[in-house]
Amino acid sequence: MSRDMMPHFELYQPQSVEDALELLQRLGPQAWILAGGQDSLDWFKDRVKRPPAVVDLSGIAELKGIRETPEGLEIGALTTLTEIERNPVVREKYSLLASAARRVASPQIRNAGTIGGNLCQDARCWYYRYGLPCYRAGGNTCYANTPQGQNREHCLFGANRCVAVSPSDMATAVVALDATMVVRGPSGERVVPAEEFFIGPAVNIMRMTALQPGEILTAVRVPAEWAGATFYFEKVADRQTWDFALVSVASAMRLEDGVIRDIRLVCGAVECVPRRLKAAEQAVTGSPRNEEVAMLAGKTAVQGATPLNFNHFKIPLMENLVRRAIRDA
């Protein structure tokens with residue numbers, strides 16, 4: 001297979017969302033939507049994806065920017081990760097987003113990469129990315145989930161033929177913040193809770209999100225309810241930069257006199273979707289924030305984990321990250 005040489009495609013650069021939607025309708029399901037291009041260009045260079053047409057959204061001004069509203073915060077899907085990391089309102093009121101953005105890849109990638117692209121990127125399993133006919137690619141095998149499969153980075157929960165995990169750092173944060181995703185398509189606009197936006201292989205093994213053909217993610221809305229809460233984000237990876245999470249954790253807490261009154265806990269890179277830890281949340285709500293409660297949350301979070309051949313280490317790692325997300329927030 002020839003690598004590092006992009007196949008030919010027709011490039012379209014609409015200037016409005018309406019023009020982009022019209023193009024997607026006309027070009028059909030084979031059209032590829034391009035945001036920052038950090039994930040897309042890898043697919044093209046490896047010649048695994050060969051779309052006949054690419055619709056580049058980068059010229060659509062209405063998809064860019066961070067706006068504070070009475071309901072909270074609205075972030076355009078084409079807002080770069082660097083902008084999110086540095087925005088004063090984000091840093092003051094929703095610092096979880098800034099912390100997650102800061103841990104994505106490298107400064108160069110964050111300068112070009114967008115929140116929409118990061119949220120919508122495809123699975124990073126190397127068998128799938130290399131073009132092998134696995135379940136996710138339309139075949140009948142999961143090469144990672146075999147006695148010889150290399151699955152150190154793969155899932156602990158939610159395996160259903162495919163054992164790949166969600167690669168998005170921002171996804172973990174937006175689910176923890178109870179964000180909603182604004183989606184526009186041929187039928188108009190719809191708003192999808194972040195927890196429902198990401199879908200697992202049991203729902204549709206060919207897609208990572210609830211986006212339908214012809215639809216565009218236009219914005220992310222973060223509710224004011226979590227403004228100024230107590231936050232924690234940590235990502236463990238093999239390298240500090242240019243790497244995907246082995247396990248990550250995001251938490252948003254409301255504390256009153258040292259007691260946890262409300263909490264959302266989410267782990268990344270342990271399931272095909274950001275994993276909301278509802279049992280751990282229930283276990284600690286109403287309890288004082290201390291080491292004993294933090295340990296309880298960690299042990300509760302990993303219940304039901306099913307490791308693969310080479311990722312048993314993820315269980316104690318996940319447990320400790322959840323523990324720290326409560327103790328050190």
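1. A salt bridge here is a side-chain nitrogen of Lys or Arg within 4 Å of a carboxyl oxygen of Asp or Glu. Glu-291 and Arg-323 make such a salt bridge, with their closest N and O atoms 2.2 Å apart. Glu-291 sits in helix 12 (residues 291-301) and Arg-323 in helix 13 (residues 314-327), so the pair ties together parts that are 32 residues apart in sequence. Helices are DSSP runs of H or I with at least four residues, strands are runs of E with at least two, and both are numbered from the N terminus.

2. Before going further, a word on the source. This is a predicted model, in which local features need pLDDT of at least 70 and side-chain atom pairs count only at pLDDT 80 or more, while totals for chains, interfaces and linings use all residues. Residues are numbered from 1 along each chain as its sequence is written, and side-chain values use heavy atoms, with hydrogens and water left out.

3. Are the two partners from the opening point buried or exposed, or something in between? Glu-291 is partly exposed at a relative accessible area of 29%, and Arg-323 is partly exposed too, at 25%. For these words, buried means under 20% relative accessible area, exposed means over 50%, and partly exposed lies in between (1.4 Å probe, protein chains only).

4. Helix 12 and helix 13 are also joined by another pair. Glu-319 forms a salt bridge with Lys-299, the closest N and O atoms being 3.4 Å apart. Glu-319 belongs to helix 13 and Lys-299 to helix 12, so this pair ties together parts that are 20 residues apart in sequence. Lys-299 is partly exposed, with a relative accessible area of 47%.

5. How many salt bridges does a search of the whole structure find? The count is 27.

6. Arg-264 lies in strand 11 (residues 259-268), and Asp-178 is in the loop between helix 9 (169-176) and strand 6 (180-185), so the pair ties together parts that are 86 residues apart in sequence. Arg-264 counts as buried at 8% relative accessibility, whereas Asp-178 counts as partly exposed at 32%. Both residues belong to a network of salt bridges that links Asp-178, Glu-195, Arg-264, Arg-276 and Glu-281.

7. Five strands form an open sheet in the order 4-5-8-6-7, with antiparallel pairing; two strands pair if DSSP finds at least two bridges between them. At the edges are strand 4 (66-69) and strand 7 (188-193), each pairing on one side only. Neighbouring strands of this sheet are turned by 25 degrees against each other on average, direction ignored; the axes are lines fitted to C-alpha atoms (for helices over the stretch in contact), and angles run from 0 to 180 degrees between N-to-C directions. Strand 6 and strand 7 run antiparallel and are joined by six bridges. Met-181 has Val-192 of strand 7 as its bridge partner.

8. The C-alpha atoms of Asn-151 and Asn-311 are 6.6 Å apart, although 160 residues separate them along the chain. The side chain of Asn-151 reaches the backbone oxygen of Ala-144 at 2.8 Å and the backbone nitrogen of Phe-310 at 3.0 Å.

9. Another buried residue is Arg-129, at 11% relative accessibility. Arg-129 lies in helix 8 (residues 126-129). Leaving aside neighbours within four places in sequence, Arg-129 is in contact with Asp-39, Asp-42, Trp-43, Val-48, Asp-122, Ala-123 and Arg-124.

10. Finally, two backbone angles to check. Most residues other than glycine have a negative phi. Arg-161 has a positive phi near 70 degrees; this residue is in the loop between helix 8 and helix 9 and counts as partly exposed at 41% relative accessibility. Ala-269 also has a positive phi, of about 70 degrees. Ala-269 is in the loop between strand 11 and strand 12 (275-276) and counts as buried at 3% relative accessibility.

Technical notes:
Contact means heavy atoms within 4.5 Å. A polar contact is a pair of N or O atoms within 3.5 Å; within protein, one must be able to donate a hydrogen and the other to accept it, and residues adjacent in sequence count only if both atoms are side-chain atoms.
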